[in-house]
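Work through the exercises below with the sequence and the coordinates at hand. Each task is followed by its solution.

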Amino acid sequence: MRFSSKTVGLASAVITVCIWTGFIVIARASASRGLLPLDIALARIVGASSILLPWAWWLMRPARQAGQKMGSLWGLSPLPLHQTVQAGFLGGLLYAVLAYSGFFFAPATHASVLLPGSLPLWTTLLAWLVLREKVSSARAFGLGLIVLGDVLVGGASLLMAFDGGEVWKGDLLFMTAACCWAGYSVTVRRHGLDAVRATMAITAFALVCFAPVYLFLIGTGVLPTHLTRVPASEILFQAVFQGVGSVVISGITFTQMVRHYGPVRSTMITALVPGLSALGAVWFLGEPMHWNLLAGLALVTGGILFGVRQAKKPAAPVAALTESGHKP
């Protein structure tokens with residue numbers, strides 16, 4: 001049964017928004033379910049690898065049979081080693097570790113504003129510095145709104161640090177994670193990488209460079225872990241949702257959404273994520289919604305919408321992927 005392009009585009013948009021929204025709410029909920037941040041990062045990497053690495057092997061099989069040298073990391077990554085390392089360190093390793101660590105200090109309502117909200121800001125700044133891209137006045141105004149929203153949320157938690165609060169640590173981790181993903185986005189754009197191959201590469205890098213080292217460190221008692229304290233079903237759930245869902249499925253559906261709606265309209269659709277995830281945090285996790293969070297959420301969402309309404313359409317799907325700058 002074949003579906004129309006409109007149906008595929010709409011379904012892809014709904015799935016993408018739901019997974020990205022669920023990522024924030026579920027990651028925060030997971031902080032109280034037993035696993036540590038690095039445990040969740042490991043589950044994410046293993047879950048994504050179980051799908052993407054066999055896919056990458058199959059993708060490179062014709063070239064290998066023809067005697068061509070393909071990829072790196074013993075055939076796990078379809079990209080050259082230097083591109084795999086650059087993209088994988090930022091997008092495959094640091095982003096996951098920093099983002100999951102942030103949820104152990106700050107509520108999901110803060111992540112709703114600071115994770116997806118600051119991505120356009122960091123992506124634009126890095127693209128200006130590295131790629132020498134010009135920033136239009138409309139986009140600059142939108143970014144200004146995003147900065148104000150981030151300050152309203154992060155500034156309040158920073159002031160509470162003087163009273164012994166630790167929420168500011170989570171806010172800082174969210175902002176740093178967003179900066180890392182923006183760096184990955186600029187790397188993808190700079191090298192003109194295919195979105196699917198880039199996702200395979202960063203997953204391969206994380207599996208090869210993080211998983212063995214982490215398992216060795218917890219095996220020798222250097223790092224703590226709760227992998228042996230939680231039911232196997234909890235680890236399986238994290239691997240399926242964080243790995244297969246957040247990395248594989250949302251990556252495919254986002255690409256399909258961009259193909260149907262274009263980069264600008266797709267970014268406007270994903271601008272729903274901050275508001276929906278904040279509402280989800282209030283509804284499902286019982287988190288309070290203070291005035292500064294509401295104001296910050298409105299400013300960030302407005303800044304995203306205002307900026308992309310004036311954006312020019314990029315020439316390639318890869319640029320479309322990085323235009324929104326967002327990936328859970």
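**Exercise 1.** Determine how the axes of helix α4 and helix α11 are arranged.

Solution. Helix α4 covers residues 108-130 and helix α11 residues 272-285; helices here are DSSP runs (H or I, at least four residues), numbered from the N terminus. Their axes come within 8 Å and cross at roughly 170°, where axes are lines fitted to C-alpha atoms over the stretch in contact and angles run from 0 to 180 degrees between N-to-C directions. That makes α4 roughly antiparallel to α11 (angles over 145 degrees).
Next, list the contacts (heavy atoms within 4.5 Å). Ala108, Thr109, Ser112 and Pro116 in α4 meet Pro274, Ser277, Ala278, Ala281, Val282 and Leu285 in α11. By class, the contact of α4 with α11 has seven nonpolar, three polar and no charged residues.

This is a predicted model, in which local features need pLDDT of at least 70 and side-chain atom pairs count only at pLDDT 80 or more, while totals for chains, interfaces and linings use all residues. Residues are numbered from 1 along each chain as its sequence is written, and side-chain values use heavy atoms, with hydrogens and water left out.

**Exercise 2.** Find the angle at which helix α3 and helix α7 pack.

Solution. Helix α3 (residues 81-102) and helix α7 (residues 195-209) pack at about 80°, and their axes are 8 Å apart. The two are therefore roughly perpendicular to each other (65 to 115 degrees). On the α7 side, Ala201, Ile202, Phe205 and Ala206 make the contact; the α3 residues include Thr84, Gly88 and Phe89. The contact of α3 with α7 divides into eight nonpolar, four polar and no charged residues.

**Exercise 3.** Which parts does the salt bridge of Arg33 and Glu234 tie together?

Solution. The side chains of Arg33 and Glu234 meet at 2.8 Å, N to O, in a salt bridge (a side-chain nitrogen of Lys or Arg within 4 Å of a carboxyl oxygen of Asp or Glu). Arg33 lies in the loop between α1 and α2 and Glu234 in helix α9, so the pair ties together parts 201 residues apart in sequence. The structure holds four salt bridges.

**Exercise 4.** Where is confidence lowest, and where highest?

Solution. Mean pLDDT (the predictor's confidence in each residue, from 0 to 100) is 86 for the protein. Helix α13 (residues 317-324) is lowest at a mean of 41, and helix α8 (residues 211-219) highest at 96. Over residues 312-325, pLDDT stays under 50. Where pLDDT is low, the predicted coordinates should not be read in detail.

Note on methods. Parallel < 35°, antiparallel > 145°, perpendicular 65-115°, else oblique. Nonpolar A, V, L, I, M, F, W, Y, C, P; charged D, E, K, R; others polar.
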